[in-house]
Amino acid sequence: MRKSFLIILVALVIGFFTNPPLEKHQEAVKEEIQDLKHIDSELNEKSLKQIGAVLGDVFGLGTVDKYLEGNVKRLDLKVCSLTQVKVHDGYETIGIGLFGKVFIFESLKDKIIEKTKG
């Protein structure tokens with residue numbers, strides 16, 4: 001029992017000191033949106049045009065970094081953090097950061113498609 005408690009305590013302390021900053025969350029989202037090849041097989045032509053328009057706004061009219069700055073935020077839970085992206089009027093969780101890494105969920109594809117529907 002005491003050994004388990006000590007292991008959990010050490011994991012929490014390590015998690016606290018290796019919790020990724022906002023910039024790592026934004027970089028993970030940036031890498032994911034630049035690699036959208038995996039979504040085109042599930043979309044029709046209209047949806048692809050809408051996604052193209054959204055990505056055109058991101059890549060063409062402004063910089064990706066500027067887009068990420070305004071639309072991606074980090075919810076700090078002290079030992080880990082959540083990656084959230086703006087969808088309509090609120091934020092949706094699309095990833096988690098822990099032990100110095102950020103993992104984006106597969107649901108990012110759905111969030112991008114939802115954003116294209118207005």
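Biologist: Which class does Val13 fall into at 40% relative accessibility?

Modeller: This is a predicted model, in which local features need pLDDT of at least 70, side-chain atom pairs count only at pLDDT 80 or more, and totals for chains, interfaces and linings use all residues. Residues are numbered from 1 along each chain as its sequence is written, and side-chain values use heavy atoms, with hydrogens and water left out. Buried means under 20% relative accessible area and exposed over 50%, with partly exposed in between (1.4 Å probe, protein chains only). At 40% relative accessibility, Val13 therefore counts as partly exposed.

Biologist: What is the area of the nonpolar surface patch that includes Val13?

Modeller: Val13 lies in helix 1, residues 2-17. Patches take residues with over 30% relative accessible area and no salt bridge; like charges are joined within 9 Å, and nonpolar side chains (Val, Leu, Ile, Met, Phe, Trp, Tyr) within 5 Å. Areas come from the Shrake-Rupley method with a 1.4 Å probe, and for residues only the protein chains shown count as cover. Phe5, Leu6, Leu9, Val10, Val13, Ile14, Phe16, Phe17 and Phe99 make a nonpolar patch of about 920 Å².

Biologist: What pattern does the protein chain follow along the sequence?

Modeller: Helices (H or I, at least four residues) and strands (E, at least two) are DSSP runs, numbered from the N terminus. The protein chain has five helices and four strands. Read along the sequence, the pattern is α-α-α-α-β-β-β-β-α.

Biologist: Which strands stand at the edges of the sheet?

Modeller: Two strands pair if DSSP finds at least two bridges between them. The four strands form an open antiparallel sheet in the order 1-2-3-4. One side is left without a neighbour in the sheet where a strand has a single partner, so the edges belong to strand 1 (72-76) and strand 4 (101-104).

Biologist: How many bridges join strand 3 to strand 4?

Modeller: Strand 2 (residues 81-87) and strand 3 (residues 90-98) pair in the antiparallel sense over seven bridges, with Tyr91 as the bridge partner of Lys86. Strand 3 and strand 4 form a hairpin with two residues between them, and Phe99 in the turn has a positive phi of about 50°. Ile96 stands opposite Phe103 in strand 4. Strands 3 and 4 run antiparallel, and the bridges joining them number four.

Biologist: What is the relative accessibility of Thr83?

Modeller: Thr83 is found in strand 2. Leaving aside neighbours within four places in sequence, Thr83 is in contact (heavy atoms within 4.5 Å) with residues including His25, Val29, Val72, Ile94, Val102 and Ile104. Thr83 counts as buried because its relative accessibility is 0%.

Key: Salt bridge = Lys/Arg side-chain N within 4 Å of Asp/Glu carboxyl O.
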